[in-house]
Amino acid sequence: MTESCAEKTFAATTIADIVGKASISRATFYKHFTNKRECFDAAADRALAELRAAVEDAAGGAGAPGVVAVRAAIAATLTRLAAQPAQARLLLVEAPSVDPEIVGRCRGFVTAAMGACLRAGEVGGAGADPNIAFGRATVLMVEYVATDRVRQLPALLPELLYIALLPYVGHAVAVEQAGAER
Amino acid sequence: MSEQGLPAAGDREIDSLPKDLHLWKLPRGRHGLPRELVDRSQRERLLASVVRVTATKGYRESSVADILTEAGVGRETFYRHFKDKQDCFIAANDALVGDLESHVRAAYDRPGSWAQRVHWGLAEILRWFAANPEVTRVMMVEMGAVGPIASERFRGTFHRFTAMLDEGRGPVGETAIDLPDIATIAGGAVFARVYEEVVVGRAAELMDLLPQLTFELLLPYIGEAAAGEEREVAIRSARR
């Protein structure tokens with residue numbers, strides 16, 4: 001499913017495509033899934049679980065919470081997606097139109113984790129919205145994936161660090177941190 | 001900073017298509033109109049039709065036959081104007097984006113500070129989407145199901161809009177981030193948030209987001225204080 005989506009989009013993917021690539025029979029497919037959408041959801045869930053494991057590994061390893069942990073988490077995310085281009089496409093390009101709920105879940109998880117790491121900034125009243133920051137990050141990553149630059153995702157670390165820190169430490173400090181990264 | 005309100009919204013007809021794609025039903029048979037006019041009308045009917053059919057059935061489920069029926073146009077005529085369904089859809093998308101762009105351009109080119117102009121341009125985008133919710137959904141969500149050409153088109157449109165942010169901005173101040181993708185980082189906030197609302201059918205309420213999105217759009221360029229001022233102006237304007 002993941003591969004086929006990457007090649008021809010979810011919309012154009014057929015059960016025949018999936019079973020062909022997996023070298024299984026249609027009967028086997030239908031033992032596991034009612035339709036291609038269920039298969040997609042399972043593929044996306046797996047991609048997310050693997051990504052999450054990689055990130056928790058790296059961020060947990062960075063020791064104390066804070067900017068250092070955030071940086072490690074972003075770096076791990078980019079490394080993982082760059083190494084798994086088909087999964088990157090599935091999550092970033094296909095999921096938003098196939099199942100917006102996946103995006104919502106991701107956003108919820110990431111913003112909760114960020115909130116746990118860093119307190120929301122008190123910069124002049126209502127500052128940047130962490131949910132919107134998540135949106136900025138995905139648009140930037142999609143840009144790279146869509147222009148065949150998946151392998152170069154790790155180069156986005158400074159910009160994603162700016163985006164991630166923005167709601168919590170404010171624009172000026174986020175600029176500083178991103179600048180230190182380059 | 002002077003408090004300039006938004007340009008008068010006027011009576012915007014809440015319709016499923018912008019006026020210049022209205023359906024004209026020509027009388028059947030000979031009507032004595034110049035060929036060019038007939039052609040143009042038929043082409044426009046087909047453009048309006050592909051959008052309507054896609055909005056109803058989804059792009060993949062829509063056939064050329066569906067488009068012909070909705071438009072009241074014959075098959076030969078269709079293939080005189082378009083190569084296939086995709087060609088027709090992309091032409092419709094281009095016409096709609098062109099309409100949106102001309103509205104945004106008009107708002108953005110009004111005299112004012114850069115930040116004000118960005119706010120007015122953004123207001124126009126949200127207003128257009130809110131006034132054309134079904135069309136917006138087709139352009140944003142269905143485009144993903146059409147294929148690589150459409151997706152590239154879509155990205156091209158996004159970049160044309162974010163490029164406008166650089167116009168008349170003046171020299172990069174200390175506050176702006178010195179990162180290559182600043183326009184994408186700024187515009188991405190708007191796009192992602194708008195998409196979220198459109199995909200669940202809430203495009204009609206997009207104007208509610210104008211103040212916060214004004215803030216988020218300007219923030220990477222001018223920092224919290226200045227972006228916050230524009231947000232305040234937007235909130236006050238909305239109350240009037």
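Two residues are in contact when they have heavy atoms within 4.5 Å of each other. Leaving aside its neighbours within four places in sequence, A:Pro96 is in contact with A:Leu91, A:Val103, B:Tyr195 and B:Val199. This proline is found in helix α6 of chain A, residues 85–98; helices here are DSSP runs of H or I with at least four residues, strands are runs of E with at least two, and both are numbered from the N terminus. A:Pro96 and A:Pro158 are 62 residues apart in sequence, and their C-alpha atoms are 25 Å apart in space.

A few words on how to read all this. The model is predicted, so local features need pLDDT of at least 70 and side-chain atom pairs count only at pLDDT 80 or more, while totals for chains, interfaces and linings use all residues. Residues are numbered from 1 along each chain as its sequence is written, chains are lettered from A and ligands numbered from 1 in the order in which they are written, and side-chain values use heavy atoms, with hydrogens and water left out.

**The two chains**

Let us take the chains in turn. Chain A has 10 helices and zero strands, and its C-alpha trace spans about 60 × 30 × 25 Å along the principal axes. Chain B has nine helices and zero strands. The table uses the term buried, which means under 20% relative accessible area; exposed means over 50%, and partly exposed is in between (1.4 Å probe, protein chains only).

| Chain | Residues | Share counted as buried |
|---|---|---|
| Chain A | 182 residues | 45% |
| Chain B | 240 residues | 53% |

Contacts can also be sorted by how far apart the partners are in sequence. Taking contacts with a separation of 6 or more, residues 24 or more positions apart account for 63% of them in chain A and for 70% in chain B.

**Where the chains meet**

The size of an interface is often given as the accessible area lost when the parts come together. Buried area is that loss, found with a 1.4 Å probe and summed over both parts. Chain B and chain A bury about 2,600 Å² between them, with 62% of it on carbon and sulfur atoms. The contact takes 34 residues from chain B and 31 residues from chain A.

What kinds of polar pairs cross this interface? The rule finds two salt bridges across it, a salt bridge being a side-chain nitrogen of Lys or Arg within 4 Å of a carboxyl oxygen of Asp or Glu. In one of them, the side chains of B:Glu216 and A:Arg136 meet at 2.8 Å, N to O.

On the side of chain B that touches chain A, the elements giving two or more residues are α7 (148–164), α8 (182–199) and α9 (210–239) of chain B. Helix α8 of chain B gives the most, with 12 residues. The residues of this side divide into 19 nonpolar, six polar and nine charged. In that count, Ala, Val, Leu, Ile, Met, Phe, Trp, Tyr, Cys and Pro are nonpolar, Asp, Glu, Lys and Arg are charged, and the others, Gly among them, are polar.

B:Thr184 lies in helix α8 of chain B and is buried, with a relative accessible area of 6%. Setting aside neighbours within four places in sequence, B:Thr184 is in contact with A:Val139, A:Leu140, B:Phe158 and B:His159.

B:Thr214 lies in helix α9 of chain B and is also buried, with a relative accessible area of 1%. Its side chain is joined to that of B:His119 by a polar contact of 2.9 Å. Not counting residues up to four places away in sequence, B:Thr214 touches B:His119, B:Leu122 and B:Glu230.

**Aromatic rings**

The structure holds 11 aromatic pairs over all chains. Rings of Phe, Tyr and Trp (its six-membered ring) pair if their centres lie within 6.5 Å; planes under 30 degrees apart count as stacked, over 60 as edge-to-face and the rest as tilted. The rings of B:Phe78 and B:Tyr79 have their centres 4.9 Å apart and their planes at 80°, so this pair is edge-to-face. B:Phe78 is buried at 0% relative accessibility, whereas B:Tyr79 is partly exposed at 41%.

The ring centres of B:Trp128 and B:Phe129 are 6.1 Å apart with planes at 80°, so this pair is edge-to-face. Both B:Trp128 and B:Phe129 are buried. Finally, ring pairs link B:Phe154, B:Phe158, B:Phe191 and B:Tyr195 into a cluster.

Key
Buried area = accessible area lost by both parts, 1.4 Å probe. Polar contact = N/O pair within 3.5 Å; in protein donor to acceptor, adjacent residues only side chain to side chain.
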